[in-house]
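Welcome! Please take a moment to look over the sequence and the 3D view before reading on.

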Amino acid sequence: MSAGIKPLGSRVVIKKLEAIEKTEGGLILSGNAKEKPQEAEVVAVGPGTEDVKMEVAVGDVVVYSKYAGTDLKLHGEEYTIVDQKDILATIEA
């Protein structure tokens, strides 16, 4: 599921989850009113370094820093490459 992207060092490839399109009250939000998601699914994990042990795994749902990472479009899909230190938490189902 990594789409051929192999992160190096302590980097992680994530795929942002879709923004909420409908409020709890049933209102449908326009494109500009949607809040950009800060939640994503991990699709690839680097090997880590001598100083940094990797704490996330493929398939984890994570919350990451708002302005973190580098966006990448590959094979029609959008991904973000972030350093593990920019991942704030994992979300358990």
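The notes below go from the overall fold to single residues.

This is a predicted model. The chain has six strands and zero helices, and along the sequence its pattern reads β-β-β-β-β-β. Of its 93 residues, 25% count as buried.

**The sheet as a whole**

- The six strands form an open sheet, with antiparallel pairing, in the order β4-β5-β1-β2-β3-β6.
- Its edge strands are β4 (70-74) and β6 (87-91), each of which pairs on one side only.
- Direction ignored, neighbouring strands of this sheet are turned by 40° against each other on average.
- Contacts also reach along the chain: among those between residues at least 6 apart in sequence, 63% join residues at least 24 apart.

**How the strands pair**

- Start with strand β1, residues 11-16, which pairs with strand β2, residues 39-45, over five bridges in the antiparallel sense. Here Ile 14 has Val 42 of β2 as its bridge partner.
- β1 also pairs with strand β5, residues 77-83, in the antiparallel sense over four bridges. In this pairing, Val 13 has Ile 81 of β5 as its bridge partner, and Arg 11 has Asp 83 of β5.
- β2 pairs with strand β3, residues 61-64, over three bridges, again in the antiparallel sense. Glu 39 stands opposite Val 63 of β3.
- β4 and β5 are joined by five bridges in the antiparallel sense, and the bridge partner of Leu 72 in β5 is Tyr 79.
- The hairpin of β4 and β5 has two residues between the strands, and in this hairpin His 75 takes a positive phi near 55°.
- As background for viewing the strands, side chains in a regular strand alternate between the two faces of the sheet.

**Salt bridges**

- Side chains of opposite charge can pair when their charged atoms come close.
- How many salt bridges does the structure hold? There are two.
- One of the salt bridges joins the side chains of Lys 15 and Glu 77, at 2.0 Å from N to O. The pair links distant parts of the chain, with Lys 15 in strand β1 and Glu 77 in strand β5, 62 residues apart.
- Asp 71 is exposed, with a relative accessible area of 56%, whereas Lys 16 is partly exposed at 36%.

**Rings and charges**

- Which ring does Lys 15 lie over? Lys 15 lies over the face of Tyr 79, at 5.7 Å from the ring centre.
- How many aromatic pairs does a search of the whole structure find? The search finds zero.

- Where is Ser 10 found? Ser 10 is in the segment before β1.
- Ser 10 is buried, because its relative accessible area is 9%, and the limit for buried is under 20%.
- Leaving aside neighbours within four places in sequence, Ser 10 is in contact with Gly 48, Thr 49, Val 52, Met 54, Val 82, Asp 83 and Gln 84. Asp 83, one of these contacts, is also the bridge partner of Arg 11.
- Asp 86 has its place in the loop between β5 and β6.
- Not counting residues up to four places away in sequence, Asp 86 touches Tyr 64, Ser 65 and Ala 68.
- Asp 86 and Arg 11 are 75 residues apart in sequence, and their C-alpha atoms are 9.4 Å apart in space.

Terms used: Residues numbered from 1 in each chain as written. Predicted model: local features only at pLDDT ≥ 70, side-chain atom pairs only at ≥ 80, totals over all residues. Heavy atoms only, no water. Pairing = 2+ DSSP bridges. Axes fitted to C-alpha atoms, helices over the stretch in contact; angles between N-to-C directions. Salt bridge = Lys/Arg side-chain N within 4 Å of Asp/Glu carboxyl O. Buried < 20%, exposed > 50% of the residue type's maximum accessible area, 1.4 Å probe, protein only. Contact = heavy atoms within 4.5 Å. Phe/Tyr/Trp six-rings, centres within 6.5 Å; stacked < 30°, edge-to-face > 60°. Lys NZ or Arg CZ within 6 Å of the ring centre and 35° of its normal.
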